[in-house]
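Trainee: Could we go through this model together before I set anything up with it?

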Amino acid sequence: MCIRVRFASIGTAPLFDAVTQTIALPPDLDHEHRVTAARAVLSELAIAQPRFGARCFCGKPLDLSPRVPQQRRSDEQVMKHV
């Protein structure tokens, strides 16, 4: 199982959950700080990191973009406000 990233406020989730292979990062970090924080956690887990970016132990880059749920709507429900 590859490592996943979860965005959670500090203290609300463990930094690393071994059961789900998930690391927790604060949601209010900008992209550069997300990469730095993820690299720090992965380095503590003895996962070698390349010079740039953050990589899982399998070698794939981590997806550090925040998850935004998709809205469900049909074409009839879209309204234009002028």
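Mentor: Let me start with terms: helices (H or I, at least four residues) and strands (E, at least two) are DSSP runs, numbered from the N terminus. Read along the sequence, the protein chain then follows the pattern β-β-β-α, which comes to one helix and three strands.

Trainee: What should I keep in mind about where the values come from?

Mentor: This is a predicted model, in which local features need pLDDT of at least 70 and side-chain atom pairs count only at pLDDT 80 or more, while totals for chains, interfaces and linings use all residues. Residues are numbered from 1 along each chain as its sequence is written, and side-chain values use heavy atoms, with hydrogens and water left out.

Trainee: OK, how much of the chain counts as buried?

Mentor: Buried means under 20% relative accessible area, exposed means over 50%, and partly exposed lies in between, with a 1.4 Å probe and protein chains only. By that rule, 26% of the 82 residues of the protein chain count as buried.

Trainee: Which residues of H1 are buried, and which are exposed on the other side?

Mentor: The buried ones in H1 are Arg34, Val35, Ala38, Val41 and Leu42. Seen down the axis of H1, its buried residues fall within an arc of 130° (taken from the directions from the helix axis to the C-beta atoms), so they line one face of the helix. On the other side of H1, Glu32, Thr36 and Glu44 are exposed.

Trainee: And what covers the buried residues of H1?

Mentor: The cover includes strand E1 (4-7) and E3.

Trainee: Which residues touch the most other members of the largest nonpolar core?

Mentor: A nonpolar core is a set of buried Ala, Val, Leu, Ile, Met, Phe, Trp, Tyr and Cys residues joined through side-chain atoms within 4.5 Å. The largest one has 13 residues, of which Ile3, Ile23, Ala38, Leu62 and Leu64 touch the most other members. Strand E3 (22-25) and helix H1 (31-44) are the elements that give two or more residues to this core, and H1 gives the most, with four residues.

Trainee: What is Ala38 in contact with, beyond its neighbours within four places in sequence?

Mentor: Taking contact as heavy atoms within 4.5 Å, Ala38 is in contact with Ile23, Leu25, Ala54, Leu62 and Leu64 once those neighbours are left aside.

Trainee: Switching topic, how many disulfides are there?

Mentor: If a disulfide is a pair of cysteine sulfur atoms within 2.5 Å, the count comes to zero. For Cys2, the nearest cysteine sulfur is that of Cys58, 3.2 Å away, and Cys2 is partly exposed, with a relative accessible area of 34%. Cys56 is in no disulfide either, with the sulfur of Cys58 the nearest at 3.8 Å, and Cys56 counts as buried at 5% relative accessibility.

Trainee: Last one, where is Gln21, and is Gln21 buried or exposed?

Mentor: Gln21 sits in the loop between strand E2 (16-17) and E3, and Gln21 is buried, with a relative accessible area of 19%. A polar atom of the Gln21 side chain lies 2.9 Å from the backbone oxygen of Ala18. Gln21 and Ile3 are 18 residues apart in sequence and 5.0 Å apart in space, C-alpha to C-alpha.

Notes. Polar contact = N/O pair within 3.5 Å; in protein donor to acceptor, adjacent residues only side chain to side chain.
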